[in-house]
Amino acid sequence: MQRREFIGAVTAAAAVLTAKGDEPKDKHPKETRRGDMLYRQLGSTKEDVSAVGLGGHHIGRQKDEKDSIAIIRAAIGAGITFMDNCWDYHDGGSEIRMGKALKDGYRKKVFLMTKIDGRTKKAAADQINESLKRLQTDVIDLVQHHEIIRMEDPNRIFVAGGAQEAVEAAKKAGKIRYIGFTGHKDPLVHLRMLEVAKEHGFKFDTAQMPLNVLDAHFRSFEKQVVPVLLKEGVGVLGMKALGDGLVLKSKTATPVECLQYALSLPTSVVITGIDSMAILKQALDVAKTFKPLTKKETTDLLAKTKQAAMKGEFERFKTTNAFDGTAKNPSWLGEHDKGPG
């Protein structure tokens, strides 16, 4: 299938899925409340995870690792069970700090996720093994292919000798439990990833993407990808609800509105950056008092954010390579094709 045909096909499919009467009857995952925290079912798995997830990049930003460990353990104590991380965050520093924080019985209280950048079987296997050591665990609950941001990424992962072989082998060996993918660039790349996986007879457990008050208007993962995930029973992981502060710079929504909006979507988890106890409290307060936005509240909020969203100025992770770690470090991906000649 040519790229133009693919774009037309997936756009039409998304439109059909979101047409009245074709949406899943229950768009939102099953939800329970225990204490002050919400828990939601992770896609078609039987896992219940906290609706608020602890972002892995931000817990590697503290000057003293003791502060990082304190934030992680305070979050767990308050009921946050979903731990986000990545093989490349802070050159492995985030995983190392999380591994230390999860000692002394904390590991059994969380659902642990990390991401890998490798596109070859060897690169992916090496990264999985390194993550296991840093996180000081025998098994990672969820491993996701990271930064699926190029149209060729899905093919590189699923080709013979590609990264998918490594993650499936790791799952068979009991090193990981579930498999997903992430990306922040364009909904079409996510749809391509799902299509290539299906061609290989594989279904992902999760997919992670930007979901925020601006995304609804521009290259929208919410409109183009989420309906497909819901139909296929893939867990929806939202990220960049505040866009690492970029969304707030648009001056169209408050931090609380941003989190409320993302939680009101059919997300299993909204992963948010928490780099201090004050920001942790803000996220916990939203979870404690959360009620889904009404139709009018949603309409009014989107009306406020529409103009700022139209050019992607405040979602630069979609329009520039400033957020693309693999663009700056292509060696992480493994060997490249030699190309013609």
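Does Trp 332 count as buried or exposed, and at what relative accessibility? At 16% relative accessibility, Trp 332 counts as buried, because the limit for that class is under 20%. The structure described in this report is a predicted model.

## Aromatic pairs

Trp 332 forms an aromatic pair with Trp 87. The arrangement is edge-to-face, with 5.8 Å from centre to centre and 90° between the planes. Trp 87 belongs to the loop between strand 5 (82–83) and helix 3 (93–101), whereas Trp 332 belongs to the segment after helix 15 (325–328), so the pair ties together parts that are 245 residues apart in sequence. Trp 87 is likewise buried, with a relative accessible area of 12%.

A second pair joins Phe 158 and Phe 202; the ring centres are 6.3 Å apart and the planes stand at 55°, so this pair is tilted. Phe 158 lies in helix 5 (residues 153–158) and Phe 202 in the loop between helix 7 and strand 9 (206–210), so parts that are 44 residues apart in sequence are tied together. Both Phe 158 and Phe 202 are buried. Ring pairs also link Phe 158, Phe 181, Phe 202 and Phe 204 into a cluster. In total, the count of aromatic pairs comes to eight.

## Charges over rings

In two places the charged end of a side chain sits over an aromatic ring, as the table sets out.

| Charged residue | Ring | Distance from ring centre |
|---|---|---|
| Arg 34 | Tyr 39 | 3.9 Å |
| Lys 240 | Phe 317 | 5.2 Å |

Lys 240 is found in the loop between strand 10 (235–239) and helix 10 (246–249). The phi angle of Lys 240 is near 55°, a positive value in a residue other than glycine. Arg 219 also has a positive phi, near 40°. Arg 219 lies in the loop between strand 9 and helix 8 (221–224), and with a relative accessible area of 32% this residue is partly exposed. As background, most residues other than glycine have a negative phi.

In soluble globular proteins, nonpolar side chains tend to be buried together. Here the largest nonpolar core has 82 residues, and the members that touch the most others are Leu 54, Ile 80, Met 83, Met 98, Phe 204 and Met 209. Helix 7 (residues 187–199) supplies the largest share of this core, with seven residues. Another core, of 10 residues, lies apart from the largest one; Leu 42, Tyr 178, Leu 237 and Ile 271 are among its members.

Beyond its neighbours within four places in sequence, Ile 80 is in contact with Met 37, Ser 50, Val 52, Gly 53, Leu 54, Ala 75, Ile 274, Leu 280 and Leu 284.

## Helix 3 and its cover

Met 98 belongs to helix 3, where it is one of the buried residues. Helix 3 is mostly covered, as seven of its nine residues are buried. Besides Met 98, the buried residues are Gly 93, Ser 94, Glu 95, Arg 97, Gly 99 and Ala 101. The elements that cover them include strand 4 (52–54), helix 2 (65–77), strand 5, strand 6 and helix 4 (121–135).

Lys 115 is found in strand 6 (residues 111–116). At 1% relative accessibility, this lysine counts as buried, because the limit is under 20%. The side chain of Lys 115 makes a polar contact of 3.1 Å with the side chain of Tyr 89. Not counting residues up to four places away in sequence, Lys 115 touches Asp 84, Asn 85, Cys 86, Trp 87, Tyr 89, Gln 144, His 146, Thr 182 and Gln 208. Among these is Trp 87, the partner of Trp 332 in the edge-to-face pair.

## Ala 170 in helix 6

Ala 170 has its place in helix 6 (residues 163–172) and is buried, with a relative accessible area of 6%. Leaving aside neighbours within four places in sequence, Ala 170 is in contact with Ile 128, Lys 175 and Ile 176. Ala 170 and Asp 153 are 17 residues apart in sequence and 20 Å apart in space, C-alpha to C-alpha.

## The annotated region

An unreviewed UniProt entry places the feature "domain: NADP-dependent oxidoreductase" at residues 52–252. In the model, this span is 40% helix and 17% strand, and its end C-alpha atoms lie 22 Å apart.

How values were computed: Residues numbered from 1 in each chain as written. Predicted model: local features only at pLDDT ≥ 70, side-chain atom pairs only at ≥ 80, totals over all residues. Heavy atoms only, no water. Core = buried A, V, L, I, M, F, W, Y, C linked by side-chain atoms within 4.5 Å. Buried < 20%, exposed > 50% of the residue type's maximum accessible area, 1.4 Å probe, protein only. Helix = DSSP H or I, 4+ residues; strand = E, 2+ residues; numbered from the N terminus. Contact = heavy atoms within 4.5 Å. Polar contact = N/O pair within 3.5 Å; in protein donor to acceptor, adjacent residues only side chain to side chain. Phe/Tyr/Trp six-rings, centres within 6.5 Å; stacked < 30°, edge-to-face > 60°. Lys NZ or Arg CZ within 6 Å of the ring centre and 35° of its normal. UniProt positions renumbered as here; feature names shortened; annotations may be inferred.
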